[in-house]
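Hi,

Here is the structure I promised to pass on. My notes follow below it.

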Amino acid sequence: MTEPVFKRARSARAKQVREAAILDAARSLGRGHGVRDVTLTDIAAAVGMHKSALLRYFETREQIFLKLTAEGWREWSAALRGDLEGRAHATADEVAAVFAGTLAGRPMFCDLLAQAPMNLERNVSIDSVREFKLETFEEIALIGGELRRLLGLSELQTVDTIATATGMAGALRQMATPGPRLRELYESDPQLGHAVVEVEPRLYRILAAFLAGLEDAAS
């Protein structure tokens with residue numbers, strides 16, 4: 001039997017290196033194959049570890065991907081706010097476009113947004129869920145500050161806007177990646193043309209309509 005590439009970490013620093021390598025492998029596999037189809041065995045093989053050894057660092061595959069979801073929230077929030085913070089003024093349509101563009105440009109994050117409530121949060125410890133939620137809420141609060149500044153939304157409206165954006169981004173990503181056989185069917189049958197989804201334009205239309213509705217309600 002071939003010896004695994006990694007030896008057991010003997011220090012806090014070595015443990016961090018192992019964890020980073022595991023997250024890197026899961027990230028790469030998720031981008032290439034889709035989060036749903038990546039197994040713990042796949043991740044272990046990618047880093048040269050036995051599956052039992054990998055479980056010394058993460059409790060489940062879901063915890064690995066939940067960590068990546070939190071990372072995705074931080075990266076998306078920073079990019080979104082980086083754009084919005086540079087604007088003294090913005091229309092609802094402009095904000096919708098920034099949301100749609102920054103989300104659609106992160107397909108794996110959109111995939112994770114769909115998987116998190118359905119699967120990832122359900123197979124980890126309560127402490128892991130709590131840590132993930134607190135990190136997410138921190139980013140939501142930061143984004144909300146920009147929405148209040150630019151559009152005058154209430155706190156509840158900012159939360160609803162972000163939930164709509166991320167929830168739809170996750171759902172649309174799943175619809176946009178049906179697999180080669182289904183995509184061929186959708187593209188070959190005119191009656192099924194609506195099933196062929198492009199994430200960014202549809203997400204933009206949904207968010208622009210949602211924000212326009214908030215504006216109408218306020219007037």
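Arg61 is found in helix α4. Bear in mind that this is a predicted model. At a relative accessible area of 15%, Arg61 falls under the 20% cut-off, so the residue is buried. Its side chain reaches the backbone oxygen of Val38 at 2.8 Å. Leaving aside neighbours within four places in sequence, Arg61 is in contact with Val35, Arg36, Val38, Thr39 and Leu40.

Next, the helix pairs.

Helix α4 (residues 61-84) packs with helix α7 (residues 126-151): the axes come within 10 Å and cross at roughly 10°. That angle is under 35 degrees, so α4 is roughly parallel to α7. The crossing of α4 and α7 is left-handed. On the α4 side, the contact residues include Leu66, Trp73, Trp76 and Leu80; on the α7 side, they include Phe132, Ile140, Ile143 and Glu146. By class, the residues of this contact divide into 11 nonpolar, five polar and eight charged.

Helix α8 (residues 155-176) and helix α10 (residues 199-218) also have axes that come within 10 Å, here crossing at roughly 155°. The angle is over 145 degrees, so α8 and α10 are roughly antiparallel. Their crossing is right-handed. Among the residues that meet are Met168, Leu172 and Met175 in α8, and Leu203, Ile206, Phe210 and Leu214 in α10. The contact of α8 with α10 has 13 nonpolar, three polar and three charged residues.

Best wishes

How values were computed: Residues are numbered from 1 along each chain as its sequence is written. This is a predicted model: local features need pLDDT of at least 70, side-chain atom pairs count only at pLDDT 80 or more; totals for chains, interfaces and linings use all residues. Side-chain values use heavy atoms; hydrogens and water are left out. Axes are lines fitted to C-alpha atoms, for helices over the stretch in contact, and angles run from 0 to 180 degrees between N-to-C directions. Helices (H or I, at least four residues) and strands (E, at least two) are DSSP runs, numbered from the N terminus. Angles under 35 degrees count as roughly parallel, over 145 as roughly antiparallel, 65 to 115 as roughly perpendicular and the rest as oblique. A crossing is left-handed if the near helix is turned anticlockwise from the far one by less than a right angle, and right-handed if clockwise. Contact means heavy atoms within 4.5 Å. Ala, Val, Leu, Ile, Met, Phe, Trp, Tyr, Cys and Pro count as nonpolar, Asp, Glu, Lys and Arg as charged, and the others, Gly among them, as polar. Buried means under 20% relative accessible area, exposed over 50%, partly exposed in between (1.4 Å probe, protein chains only). A polar contact is a pair of N or O atoms within 3.5 Å; within protein, one must be able to donate a hydrogen and the other to accept it, and residues adjacent in sequence count only if both atoms are side-chain atoms.
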